[in-house]
Amino acid sequence: MKYRYSDQEEIDLSVLHIRKRRRLDGTIGIQGSKNAVLPVMAASLLHRGITVLSHVPAIEDVFCMMEILEWLGCSCRLEEHCLTIDASGASMLPVPDTMAGRMRSSIMLLGPMLGRFGEAKTSRPGGCPIGKRPIGLHLAALKKMGVRVRTEGEHISASVLKLTGARIHLDYPSVGATENIIMAAAAAEGVTVLTGAAREPEIEILCRFLASAGADISGTGSDRLMIRGGRTLHDTAFAIPGDRIVAGTYLGALLCAGGQVLLREAPAEHMAECIRTARAAGAFVEVRPDGLFASIKGRPEAFSLVTGPYPGFPTDLQSVMLAAASVADGESLIQENVFENRFCAAKELQKLGAHIIINGRMARVTGRSSLCGGRVQAEDLRGGAALAAAGLAADGPVRICGYGHIRRGYEDICRDLQDAGAEIWLEEQTEDAGCDREEEADGASGSRGSSAAAGNCGPVHEDYNHYGDGQ
Ligand code: EPZ
């Protein structure tokens, strides 16, 4: 079955319904990792041949990246989670705003396009409105490799006569900037030494993918990478590991609903901080050969967490833990240190009865035994998934609008939670699905580097952003 990315103009009015709270009991198969497969797909441009990726999640962001690669002349075929990319016929074309603006990952094409074509034209990336999300670290690093960059409004033009290896230090371990540098360095002439690199598992996966295609990278998994560029890459087949954030989302859902789940093929080795926090909240969590088993009898105990770069607690799981804290026994403290606008889910959780007080980077949550039913709006990917988890702890029916955000990163959250016994279903988009187009349109806009205003969920803390755009 060939998947196609839905047209950007469509505002997804589908509604996620959860009938009422119910303890979970079942096995959930964990999809391939969104944040690993997207840079790997971009990196496939560096090779004038075939790349075969298995365990690829059938999610909107993958379909969008396929569409961009096809626009650039690649052929892409996704069948039963196996993606075959033939990049032999690729050529430089400006990436249209409508494609680049749909997701953050479009910025990951800068490095590979410069490495392959010596030129790149795209627009400021989209993605979740969780902060300003500037790209100065990306641009500053590429300039050190000889790249000339021009930005005019939303548009970014970059060109280089000879991409050259360089010594680069990142003042902040930006995941995307690290990925762009690695991909450019793989094509550059000479050696690149990158210090201050991000250490998220997705970086290690990208390095392993490039090495499987013939790249020479050392220091994988550390914050100091050395890339000897200029090697000719070859065809490769690569398996995408399980999605640690999807697995962590369902661990958070278990804390909300109670019960037990087996998260099959969950990458437990990349979930240490998430597992530690779930245990601190009273869950029994066991790493098994076939995945991660977790159970909890009653409500979770109150907990505290601080998000930060890996191996710290992942910011992508902050929203679902806000939901779990809403039904914990006691007062929980959650500090968000990565994105200045990532407490959006709080105001929606409050509509379900959650007691959450936000003060700058800190959320103080006083748990209650259960939440109440209601209608809420997803405004970003992980916030939307957190609302689904919260619905599992509500005494009455919950309706979640903005499903379009959720399907960007979760292949089928209904199927997954139904497999664990939840009473959840999707009402495909209908005019009278009970979500307003205007409201949905507001919620569905990409971030495009926009300010926190998109989410209007809190003050923008300049000190979150480590580089502006004008580098
Ligand atoms: C990646 O985003 C992930 N996205 C995000 O997941 C994840 O939350 C984030 O890393 C942090 O782990 C993908 O991999 C597609 P960053 P990225 O550059 O690369 C600031 C999800 O839900 N910054 O590490 O954009 C930035 O504003 C998504 O799956 C600059 O100031 O993250 C933020 O405050 C959401 N200047 C912080 O660094 C720059 O040039 C972290 O950003 C770049 C970033």
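A salt bridge is taken here as a side-chain nitrogen of Lys or Arg within 4 Å of a carboxyl oxygen of Asp or Glu. I note at the outset that this is a predicted model, in which local features need pLDDT of at least 70 and side-chain atom pairs count only at pLDDT 80 or more, while totals for chains, interfaces and linings use all residues. Residues are numbered from 1 along each chain as its sequence is written, and side-chain values use heavy atoms, with hydrogens and water left out.

**Entry 1. Salt bridges**

I looked up the salt bridges and found that the structure holds 23. Side chains of opposite charge can pair when their charged atoms come close.

I began with arginine 19, which forms a salt bridge with glutamate 423, the closest N and O atoms being 2.7 Å apart. Arginine 19 sits in the loop between strand 1 (15-18) and strand 2 (24-29), and glutamate 423 in the loop between helix 14 (413-419) and strand 23 (424-427), so this pair ties together parts that are 404 residues apart in sequence. Helices (H or I, at least four residues) and strands (E, at least two) are DSSP runs, numbered from the N terminus. I also recorded a network of salt bridges that links Arg19, Lys20, Arg22 and Glu423.

The classes are buried, under 20% relative accessible area, exposed, over 50%, and partly exposed in between (1.4 Å probe, protein chains only).

I next examined arginine 407 and glutamate 428, whose side chains meet in a salt bridge (3.8 Å, N to O). Arginine 407 is in the loop between helix 13 (403-406) and helix 14, and glutamate 428 in the loop between strand 23 and helix 15 (437-444), so the pair ties together parts that are 21 residues apart in sequence. Arginine 407 is partly exposed at 21%, and glutamate 428 is partly exposed at 48%.

**Entry 2. The chain and its core**

I recorded 15 helices and 23 strands in the chain. Buried residues make up 59% of its 471 residues.

Which of its 157 residues touch the most other members? They are Met41, Leu53, Val62, Leu210 and Ile413. Helix 8 (residues 244-257) gives the most to this core, with ten residues.

For leucine 210, I listed the contacts (heavy atoms within 4.5 Å). Leaving aside neighbours within four places in sequence, leucine 210 is in contact with Ala43, Leu46, Ile182, Ala215, Ile217 and Leu233.

**Entry 3. Glycine 330**

I located glycine 330 in the loop between helix 10 (318-325) and strand 18 (331-335). Glycine 330 is partly exposed, with a relative accessible area of 29%. Apart from neighbours within four places in sequence, glycine 330 is in contact with Ala302, Val365, Thr366 and Gly367.

**Entry 4. Cysteines**

I searched for disulfides, each a pair of cysteine sulfur atoms within 2.5 Å, and the count comes to zero. Cysteine 76 counts as buried at 6% relative accessibility, whereas cysteine 82 is partly exposed at 27%.

Terms used:
Core = buried A, V, L, I, M, F, W, Y, C linked by side-chain atoms within 4.5 Å.
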